[in-house]
Amino acid sequence: MVAGREQGSSGNATSVASCEPLRIGVLGDAGVGKTTLLNALVGEERTILPAGGVGPVTGRATRLYHAQAPCLSLKYLPPQHAYELCYAVEHLDAAGGGRRVRESDYRERLSESQREAARAMATSASRGLLAKDARLLVVGDPDSSEPLERVRGGLRVLLDLAVAAGEPAADADPFVLFRCRQVLRAGAQGLKTEQLLDLADEASRERLDAHVAGPLSVLTEEVGVGWPSNLLASGLELVDLPGVGVAFDAHQRVTRRWLRGARYNGLVFVCSRGGISSSCEGALIESEALAALVATWSQKRPSIVVAVTKLDDEAQQLRRQQRDRSTRAQFADLGQAMTGVIRTQLFGTLRRALTTVPEAILHAIANATPVIPVAAPDYLLLHGNDPELTPVISSISETNLPRLSAVLRTLAAERHRVTGTSEVDLEPRLASRSPR
Amino acid sequence: MNDRSKAILDWYQGHVRAIVEEHSPERLSEFDRESQRVSELATRAAETVSICFLGNAAVGKSTLLNALVSGKDVLLPAGGVGPLTAQATSVEFAESPFFEANYQSKEKLWNVVFALECMQVANVGKHADAETLEKDYVGVLDKNARETLRLESDDSRVRVEDPSDERVRRSSSQKLLEWEKQARLLVTANQDSAAELPYLLDALRTAMGMKTRWGMTVHAEDEANIERLRNAIALTEAGKTFRAAIDLEAQDALAELKHHASGSLAPMIAKLRVGWPAELLAGGLTLVDLPGVGIASDVHKEVTHDWINANTRALVLVVDRAGVTESCTRLLTESGFFQRLLTAADDPASDPMSLFVAVTRVDDVARTRRHTDKTKRVREHFSDVAAELVPRMQGQLRQQLDALDVSSHELTGQRQHEVIKRVLAELQVFPVSATELQKIYADDEDAKPDLPDKESTNVPALGRALAAQAQSWKQRAAGREAETADNVRDRLHSLLKLTLAQWQDVNRAEEEALRLRTALDVHVAPLREELATLRGEFRASVKAMGSQSIDLLVEEALTAARKDMRKHVKPFRGYHYKTLQAAVRAGGVWDGARQINLPDKFADACEQPLVAIWGTQILERLRVETRDLANHYARLVEKVADWAGEQGAQIQADLVRQQRDAIRAEAKALERVGRDIVDDLREKVRKELHAAVSSVISSRCGQFISEHRHEGRGARDNMAELCDQLVDAVADGVRAKARERLKKNFENVEAEVKQHFRQMEDPIGAASDAIVARHEQRQKRSDAQRRKRVIETLESALAACPPDRGSFDFGDEDT
């Protein structure tokens, strides 16, 4: 639930605002560089979240919050979720000619309606996603070519269900097995853990990766990473959302669900020079996220910020065509031009999403939206001081990371001053459209 | 055309055609047709092979193409903001570089200007203006076009209570917004410039030779753009293209190309062709850069869609490390590319199709990894990432092909799995870095490459694979050309030998001939009977394949289609009723937050099983039957030849063997029956079905609306129900069309088969005649003078025959 609700409960809005950090989601196409950007914003010279993999990497919404010492907090899904997955996979395999589903295993563990939902899932168009989730959990790779019957067997082993002699079963990672059993024991409220995070320690890092991007993301409801960052200390919480736009990707469901159901006060769109993608727009419109954000819009406190990545690459391209301008000058020019492009696109998106809001307001919103070209990889390089790599942009300030950081800080600071009064006069029905 | 084919065709035209006309006139049309086919195949083999590049906007298609084609020159515009490529640009080989632009029609430009002027008039709000504006355009745009455009531009401004109406209107005003951008680009070369609409309109009027209306004059800095536009209009009016040589020595050699590809003229371009002296392209390869997909409300999507639709046989899917995007998958599915890819892999007789995947910016990932793991160099990370990407991309594509869901149809379902396996086994994935390659070329202090050499960027490997693909297709086409030419040569050769032998064979005494003939007739009597039975069986089974069975097969296909369609409309129940309402109003098509396109989807759903059935149930069986019959013919004739051999030297058994070989040659030709008809069928079925489906849907929707069932209580359920009913209505509606089309096709194939069998009307009689001519034939050939002349002609024709390629080889088909 977004700020829209705060307005409704105006009585304690101020107190909520002063103690809770401002929560901002980071949304963009898979592979556009959201995680790299967040690493640069929060970790500065340290790489916190796993980035640079192939395929969509981030599998769970990952909350970055302020903490005195680095820590990892995990909240797992209740065991029913895992049983549902297993039950659906069994049906999927049985439908493809595999062995019969052992219904008796699930009668106690799942309600009739849960079983029905799982069966429906196994025959729906998105059944491919089921297999991906199962493969990720059991084999560690959603796109592996492991036969479904072996995945099914492996899944049963993980969930401590009997496996017949000769029934093929893929072997899961021992740590996944261990965690899976813990989740099963924790019961309906789910398992919660919090531990110190030491990124220099290989095991600690692997644990983080396994939950954010690896097999355990399937069992995880929420991953939080606490970090002693100045930016976060200013009263911010940043949520790295799985990228959208990759075909048949299980992760983007997480993003859509989050956009629809979670509480957040703003969004950072991350896009490349193509601008706002149809997949991002689709996720926004479907989740009705924009309606809620726009309801609290004001010039002083924009709830949308656009960060444009990979312009450093484009700047290099242009530099090759025009030797008389330096790459950094090209980068600055591109940033300028991009602002116009993005605002036009954003206006279009807003118009399609919010058909009842007067266009003048949408224009004003689009034109007041900060568009910041960022060069996160260069920023990391400038901090990292690696002799093998030469950054394209040669000064920290020109990477624009400090600028983005400043915009976010201002948002957080504004938040502390804001009271519960509505700043934009919109029709009441708009406010009622915010997600419930 | 290769030399041998040419020699064979020349030989036919120069020596043989007249002989065929004189001695076997019934076969003339057949040989004429076959030689025509050789020329056609030769033309195809000589054509360049086009390979399209498809990917999301800004993923780096143009950069990759540049790196492939021109190395360090930046040929195609790359590295700007927003989606850059607005039209398909093809790059082909040329010794001296050039580019050629086809412009949009003048009318298209008028449309844009008129619609914008209507909008402007409405902005100013004077009613009288609307009338005078109308007058300006009399004779320029026809009345209907004006009407529609005016309504669209007016509508975009009207605000109404019903939000779904608002959506419909906004989608048209989106178009106006885009048009305004185009006008800006045309006049000021900057689509985000601050120029006011009246200025843009007057500038465009100036360019088009119409008097100005808004009291503006063209600014000096825009004059060059207007001049360019004026030239473009003049050319398009004259039906000409713009062609310019690229002078590499010149200061800004590519400036004019830039004006076209991404500058002020971009909105005017319909097609852009670039010729470039690239080694890669020299073998007859053309690369096509398609506009990127995946940008919200992108108007260039259609261009891309059209290209992929139109018989694209090879495609490079350009993706980044995240993998294959929704937008690309949607396009490849909707345009039928995936489907065609699978069908082509399933039917070895059809032309092959290919899919390549290029993963761009792999160097970025490598650098990110280097940041966390300094024990390896960037180049080592690069090869790690590259190795991981290959199975990942194969896995992603497997899921997409699996999800195509032709599996609801049993016939294709059985094979689909196998076929997908085959397609994936042939899929080539190239993790590349075009920017690294360019850095290596550029050797710039400002940007040092992280990879050691050109080869390690994998771009050259991709280039080689594409060139090899083009080469193999050309070879295949050339192989088919050669095969057909040889077949023609062999058949002609047999015919000549046969005719010659007949003319030489008149020396026998009349009584002797009579005796032999009687003995022969006795011997062949049972063979004739057998032949009659075989023929009867053949006719019966062809007939069985025909009309009745087609009706059944169509039913089967429609059952599968219904299943597919149901599946498609099932989720509609969860859609917002406004979305459904908009779709129902627009005849089943709605492109809003949800994309609904019932005519396309339904036509697809019907087409796929129909074509599958045609290929597997009808054509395949017909091919088997005809080949069997032809082989039986050859066997029977062989028996006649055996008898002739037993009679000793007095008979030329060779002659009969010639005949048998001729039949074998025919049998081989029969294997090709229907090969060209599958693709043809797909095209026609699609077109006809689409029309039938659309009309069913729009009439049903119209009726539904006229009954006001789309409004008020229960509207959503009504509409969901309507969708269900549409499934059956469509299946019923296309039934007749499908039957008619398949029957027609069947008739065509049958005719083709008959044509082949015509010259084998009476193979045994012909063989008998070859052994011992009937009396009247002998009479005809007894004129010594004429005989001498004929034999001489025949001998000289045979002497001129291009040499045999070797004995018949039945095994080298399509390998």
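Is Tyr264(A) buried or exposed? Tyr264(A) is buried, at 1% relative accessibility; buried means under 20% relative accessible area, exposed over 50% and partly exposed in between, with a 1.4 Å probe and protein chains only.

Before going on, the conventions: this is a predicted model, where local features need pLDDT of at least 70, side-chain atom pairs count only at pLDDT 80 or more, and totals for chains, interfaces and linings use all residues. Residues are numbered from 1 along each chain as its sequence is written, chains are lettered from A and ligands numbered from 1 in the order in which they are written, and side-chain values use heavy atoms, without hydrogens and water.

Over all chains there are eight aromatic pairs. Rings of Phe, Tyr and Trp (its six-membered ring) pair if their centres lie within 6.5 Å; planes under 30 degrees apart are stacked, over 60 edge-to-face, the rest tilted. Trp258(A) and Tyr264(A) are stacked, because their centres are 4.8 Å apart and their planes at 20°. Trp258(A) is also buried, at 12%.

In chain B, Phe99(B) and Phe242(B) form a tilted pair, with centres 5.7 Å apart and planes at 45°. Phe99(B) is in strand E3 and Phe242(B) in strand E4, so the pair ties together parts 143 residues apart in sequence. Strands here are DSSP runs of E, at least two residues, numbered from the N terminus.

Now the sheet. Nine strands of chain B form an open, mixed sheet, ordered E4-E3-E5-E2-E6-E1-E7-E8-E9; two strands pair if DSSP finds at least two bridges between them. E4 and E9 of chain B are at the edges, each with a single partner strand, so one side of each lacks a neighbour in the sheet.

Technical notes
Helix = DSSP H or I, 4+ residues; strand = E, 2+ residues; numbered from the N terminus.
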